2 protein chains.
Amino acid sequence: MISQLIEKIQKTKAPICVGLDPMLSYVPEHLVKKSLTEFGETLEGAAEAIWQFNKEIIDATYDLIPAVKPQIAMYEQFGLEGLRVYAKTVDYCQEKGLLVIGDVKRGDIGSTSTAYAMGHIGSVQVGSKKLHGFHTEFITVNPYLGTDGVKPFVDVCNAEDKGIFVLVKTSNPSSGEFQDKQIDGTPLYELVAEKVVEWGQQSMDGNYSNVGAVVGATYPEMSRILRKKMPNTYFLVPGYGAQGGTAEDLKYCFNEDGLGAIVNSSRGIIAAYKKEPYAKFGAEHFGEASRQAVLDMVADINSVL
Amino acid sequence: MISQLIEKIQKTKAPICVGLDPMLSYVPEHLVKKSLTEFGETLEGAAEAIWQFNKEIIDATYDLIPAVKPQIAMYEQFGLEGLRVYAKTVDYCQEKGLLVIGDVKRGDIGSTSTAYAMGHIGSVQVGSKKLHGFHTEFITVNPYLGTDGVKPFVDVCNAEDKGIFVLVKTSNPSSGEFQDKQIDGTPLYELVAEKVVEWGQQSMDGNYSNVGAVVGATYPEMSRILRKKMPNTYFLVPGYGAQGGTAEDLKYCFNEDGLGAIVNSSRGIIAAYKKEPYAKFGAEHFGEASRQAVLDMVADINSVL
């Protein structure tokens, strides 16, 4: 699967994904009002507002980008209605030719991870049929439980040609609290990185593995080290833009071939219309604001490659 | 919220919860057949079989136990239909007077953890209304992202009188791969434990905190140490029974007052009818087999307290 992502990145010349992480506060008032008028002040109304918001952003950006990364929490907060829109968003993106990275950060003991893997990137057997619960091309995975909690995801990557990105060094301010702890002179995140490489060797797809790593844009010195330790691992890089990561910070996430990383921006793209220099588009034209923000982000990142 | 759990544990004299983690292979054939005949070989058919299975087990055991712990992955694997049954199971358990520990192991950067917290133990604001997505009394939380990934859950515990159990030392075979790594002579899981205590002090409810810890039954020496380090932290203890933990292994999870831990069993209870000594009940009477397995588990655990 990683080779498909690389192909799309090369075709679009855009090593980025748009984080479809819609908070209700990002959705322009006219859309919220319309949805709540139609469906009432209900979970269904909120979910419909988010769907209309997503659809306009996808329509305005799909031809520029290889992939999207919906954060499932933003849908899960609205319960079943929210998850219905998560599934609908995934379907719609795939129809538009985009690859979908489900940012689900699942991870549990073996049998439970198997269920998550089947539900998100694999399939379940029901009688004589193989059926799909959610069906994204990639998901993110939490490694805290160790190999037997990650292996089921790798197995499904192999069985169904899918991919995962395992959390190595996250972009948030307190990520160092455990991840940076020194173990015989090596920080924990580097030990996790070594395991990711090991797991990744079991699912190679060309020069890169289907088992990627999440490496935050906000810690450039660490990404430089990780890039060297993990030459065949694709990085999913959160933290650009609203979280503080700059293009300059990102350059170490890439290999010399210009590949090796896909940078995510969520708020900076989907809520672009709320901030300078995109406020001029106005809330009515939030999709065009997002399109311009994508163009600017792509140019910004390509400027350091 | 932890005081409500303690009250129910004292009333039932059963420091246990039933893990409602239904794999389709656990559901007796007659139920699967009936559901797939009615709904076809579909996700809806699978979900309906699981719902009928859950309902019979809840009906057969609810008067004996304080709480249940549905593992959301087992529902999520069937997509929206599965999650519909997760929500229905939560509702039904609450109607029967049970507290529900949603085993979701969520955890992310701050704003995302906030969304998970609102969706599972809190509420979302839609227009003038506060609405609930899923609404369990407790959930499990993954600490890999550090304080800013956990704090939003603690805040919601305080705002809505709910509780969480943070993964400290999990029950699976490779849990030690990262969790046991020594940091200046202290294993990582103990550092996580120290943070759980710190977070817990912000949400005390009587002698215990609403911020509990997941401590696997399969590592008794470690639970002994953790029990001493965390006197006011309730332990959610997986790994009893099918995963290999015995009652003798469990005694260190409890404080001298006989409180401090709630032990989960999933397969050992819900699939009891498949194994000696409960096979005599037969697949038709799987609910009665589960009831007997609960009675035996309670007696077993009380024998070491």
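Me: A helix here is a DSSP run of H or I, at least four residues long, and helices are numbered from the N terminus. With that in hand, which helix holds B:Ala87?

Reply: B:Ala87 is found in helix α5 of chain B, which covers residues 79-95. Keep in mind that this is a predicted model.

Me: Why is B:Ala87 called buried?

Reply: Buried means under 20% relative accessible area. B:Ala87 has 17% relative accessibility, so it counts as buried.

Me: What is B:Ala87 in contact with, leaving aside its neighbours within four places in sequence?

Reply: Two residues: A:Leu80 and B:Phe134. Contact means heavy atoms within 4.5 Å, and A:Leu80 carries the letter of chain A while B:Phe134 carries that of chain B. As for B:Glu41, which is 46 residues apart from B:Ala87 along the chain, the two C-alpha atoms are separated by 22 Å.

Me: What makes A:Trp51 and A:Tyr92 an aromatic pair, and what kind is it?

Reply: Ring centres have to lie within 6.5 Å, and planes over 60 degrees apart count as edge-to-face. For A:Trp51 and A:Tyr92 the centres are 5.5 Å apart and the planes make 85°, so they are a pair, and an edge-to-face one. The structure holds 14 aromatic pairs over all chains.

Me: How do you know that the pair of A:Trp51 and A:Tyr92 links distant parts of the chain?

Reply: A:Trp51 is in helix α3 (residues 43-61) of chain A, while A:Tyr92 is in helix α5 (residues 79-95) of chain A, 41 residues apart. Both A:Trp51 and A:Tyr92 are buried.

Me: On to the barrel. Which strands make it up in chain A?

Reply: Eight strands, closed into a barrel in the order β1-β2-β3-β6-β7-β12-β13-β14, with parallel pairing.

Me: What makes β1 and β2 of chain A a pair?

Reply: Two strands pair if DSSP finds at least two bridges between them. Strand β1 (residues 16-18) and strand β2 (residues 67-68) of chain A have two bridges, so they pair, in the parallel sense. A:Cys17 stands opposite A:Ala67 in β2(A).

Me: Which strands pair with β3(B), and over how many bridges?

Reply: Strand β2 (residues 67-68) of chain B pairs with β3(B) in the parallel sense over two bridges, with B:Leu99 as the bridge partner of B:Ala67. Strand β6 (residues 138-141) of chain B pairs with β3(B) over three bridges, again parallel, and there B:Ile101 has B:Phe138 as its bridge partner.

Me: How many residues of strand β3 of chain B are buried?

Reply: Eight of its eight residues (99-106). B:Leu99, B:Ile101, B:Asp103 and B:Lys105 point one way, while B:Val100, B:Gly102, B:Val104 and B:Arg106 point the other way.

Me: What makes the link between the side chains of A:Asn264 and A:Ser266 a polar contact?

Reply: The limit for a pair of N or O atoms is 3.5 Å, and this pair is at 3.0 Å. The side chain of A:Asn264 also reaches the backbone nitrogen of A:Gly19, at 3.1 Å. Among the residues that A:Asn264 touches is A:Lys69.

Me: Where is A:Lys69, and is A:Lys69 buried or exposed?

Reply: A:Lys69 lies in the loop between β2 and α4 (73-76) of chain A. Its relative accessible area is 4%, so A:Lys69 is buried. The residues it touches include A:Asp21, A:Ile101 and A:Asp103.

Me: Why are the two copies said to be related as by a two-fold rotation axis?

Reply: A rotation of 180° with 0.0 Å of shift along its axis superposes chain B on chain A, with an RMSD of 0.0 Å. The copies are therefore related as by a two-fold axis. In chain B, the residue that comes closest to the axis is B:Ile183, at 2.6 Å (C-alpha).

Me: How do you know that the copies meet through the same surface?

Reply: Because 100% of the interface residues of chain B are also interface residues in chain A.

Methods:
Residues numbered from 1 in each chain as written. Chains lettered and ligands numbered in written order. Predicted model: local features only at pLDDT ≥ 70, side-chain atom pairs only at ≥ 80, totals over all residues. Heavy atoms only, no water. Phe/Tyr/Trp six-rings, centres within 6.5 Å; stacked < 30°, edge-to-face > 60°. Buried < 20%, exposed > 50% of the residue type's maximum accessible area, 1.4 Å probe, protein only. Polar contact = N/O pair within 3.5 Å; in protein donor to acceptor, adjacent residues only side chain to side chain. Least-squares fit on C-alpha atoms with pLDDT ≥ 70 in both.
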